[in-house]
Amino acid sequence: GEHLKRSFLSIPDSSTAAIDPTLTPFDTTCIARAARHNLPDANTVNITRDIVAYCKTLTHQDLCICLISGGGSALLCDPLVPLQDMLTTIKLMTSRSATIQQLNTVRSRLCSVKAGGLARYISPAKILSLIVSDVIGDPVHFIASGPTVPSELSRDAVFTVLSELSLPLSQLPTSVQDLITSEIPDYSNQYPDVLNHIIASNKEALKIAANLVEEEGYEPIIVTDTLVGEAREVAQELINIVTFPDHDGKFKHISQDATQKIKSALSQTSARGKRGKCLILGGETTVTLNGNGLGGRCQELALAAAIQLGKRCSGKGVTFLATSTDGQDGPNDASGAFVTQHTAQEAADQGLDLQEFLLRNDSYTLFSELNGGANQLRSGLTGTNLMDVIFIFVE
């Protein structure tokens, strides 16, 4: 509007979305396409430094509106160490199945604009941040590494993460070692008036999914929006619960509450006129890389589910579908995949060893070949990251 003085957009380089010039005053807008591989790059650093430079000119009379979403850690970054050293550290952590919380704890120490750093640059202007959450539980200090969330950085927190990942300090680049062992400045008196507000999360995605499932004639049951754990193990546990709901026992990744919801739903007859039931789960699993294949969380979930369905399914019609809400499941063009109780046999008939593909984390290749790629999902980039959604159709 007429009150807008300046705006900056840092968007994924891979995004094909066009920016409507009627909605964006281009004469006051700086646009950068960055983070080509969902990691900060030179374009990220350049746009971030432009943003910081302008924010330093703001006064107490200004209002700064920040639109923040998942992926923001890669789109807003001004590292305190050489960029390549920061990327090396991130890759070492992700290869050890680091969670988003663990990643952002370390990234916040390595970057000047995370953990409330951007807010400090904006001060003394007021801040309104509208946030799309891609983190379980919607903790604003972890979403995009919390650029406008006043946070207390801690050396102990960083060392705790490294210990949890069994990642020795000596394996990190020297510049990173020096930074995380140094004293952290006290920023407690440098934060402005800021309001951080969640406008969308995985909960909303699950509700929309439930409505779509119901339109297709299934009875939807939202099980949980806090699903975490090693992808292959999560899939195995879910299939075990679904195929043998009378089995008593605790599971490593599926909570007792979620387990009970599934068992209760499957113990009841489907409502009249329904094709069956659909269990809907949301969250974000992890993949420990043991091989050199190509894949992603959702495709690995589906691959592990196919193997387990082949072992456990006793005539019950089950379809397992896992998809990312942002349309990108790992460094490839797939968003996810689906399998049924017949998939394991179909793979065997086509000379595809599911276990071998799983061992080398090669789910993308498997689903590209299986049934001519018919089981692989390719939605294209959606522009919104609300983590992942799993559908389990039981007929």
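Which residues line the largest cavity? Here they are: Leu227, Leu281, Gly282, Gly283, Glu284, Thr285, Leu301, Asp388 and Ile390. Before going further, keep in mind that this is a predicted model.

## The sheet

As a reminder, strands of a sheet pair through backbone hydrogen bonds, either parallel or antiparallel.

Now zoom in on one pair. Strand 8 (residues 318–324) and strand 11 (residues 388–394) run antiparallel, and seven bridges join them. If you want to find one of these spots in the viewer, look for Leu321: its bridge partner in strand 11 is Phe391.

## Helices on the sheet

## Empty spaces

Next, the gaps. Rolling a probe the size of a water molecule over the atoms shows where empty space is left. Searching the whole structure turns up two cavities of 30 Å³ or more.

| Space | Volume | Lining by class |
|---|---|---|
| Largest cavity | about 40 Å³ | four nonpolar, three polar, two charged |
| Second largest cavity | about 30 Å³ | three nonpolar, three polar, three charged |
| Second largest pocket | about 300 Å³ | 10 nonpolar, one polar, two charged |

Which part of the structure gives the most to the lining of the largest cavity? That would be strand 7, with three residues. Strand 7 and strand 11 each supply at least two residues of that lining.

The second largest cavity has its own set of neighbours: Val135, Ile136, Gly137, Asp138, Ser201, Asn202, Lys203, Asp225 and Met387 line it.

As for the second largest pocket, 13 residues line it, and Ala209, Leu212, Val213, Phe391 and Phe393 lie nearest its centre. Helix 8, strand 8 and strand 11 each supply at least two residues of the pocket's lining, and helix 8 gives the most, with five.

## A pair of helices

Finally, have a look at helix 9 (residues 231–243) and helix 10 (residues 256–266). Two packed helices are described by the angle between their axes and the distance between the axes. For this pair, the axes come within 9 Å and cross at roughly 35 degrees. Is the crossing left-handed or right-handed? Helix 9 passes helix 10 in a right-handed crossing.

On the helix 9 side, the residues that meet helix 10 are Leu238, Ile241 and Val242. Their counterparts in helix 10 are Thr259, Ile262, Lys263 and Leu266. Sorted by class, this contact has five nonpolar residues, one polar and one charged.

Notes: Residues are numbered from 1 along each chain as its sequence is written. This is a predicted model: local features need pLDDT of at least 70, side-chain atom pairs count only at pLDDT 80 or more; totals for chains, interfaces and linings use all residues. Side-chain values use heavy atoms; hydrogens and water are left out. Two strands pair if DSSP finds at least two bridges between them. Helices (H or I, at least four residues) and strands (E, at least two) are DSSP runs, numbered from the N terminus. On a 1 Å grid over the protein atoms alone, a cavity is a set of points where a 1.4 Å probe fits but cannot get out, and a pocket is an open set with protein on both sides within 12 Å along at least five of seven lines; lining residues have an atom within 4 Å of a point. Grid points are joined across faces, edges and corners, and a volume is the space filled by probe spheres set on the points. Ala, Val, Leu, Ile, Met, Phe, Trp, Tyr, Cys and Pro count as nonpolar, Asp, Glu, Lys and Arg as charged, and the others, Gly among them, as polar. Axes are lines fitted to C-alpha atoms, for helices over the stretch in contact, and angles run from 0 to 180 degrees between N-to-C directions. A crossing is left-handed if the near helix is turned anticlockwise from the far one by less than a right angle, and right-handed if clockwise. Contact means heavy atoms within 4.5 Å.
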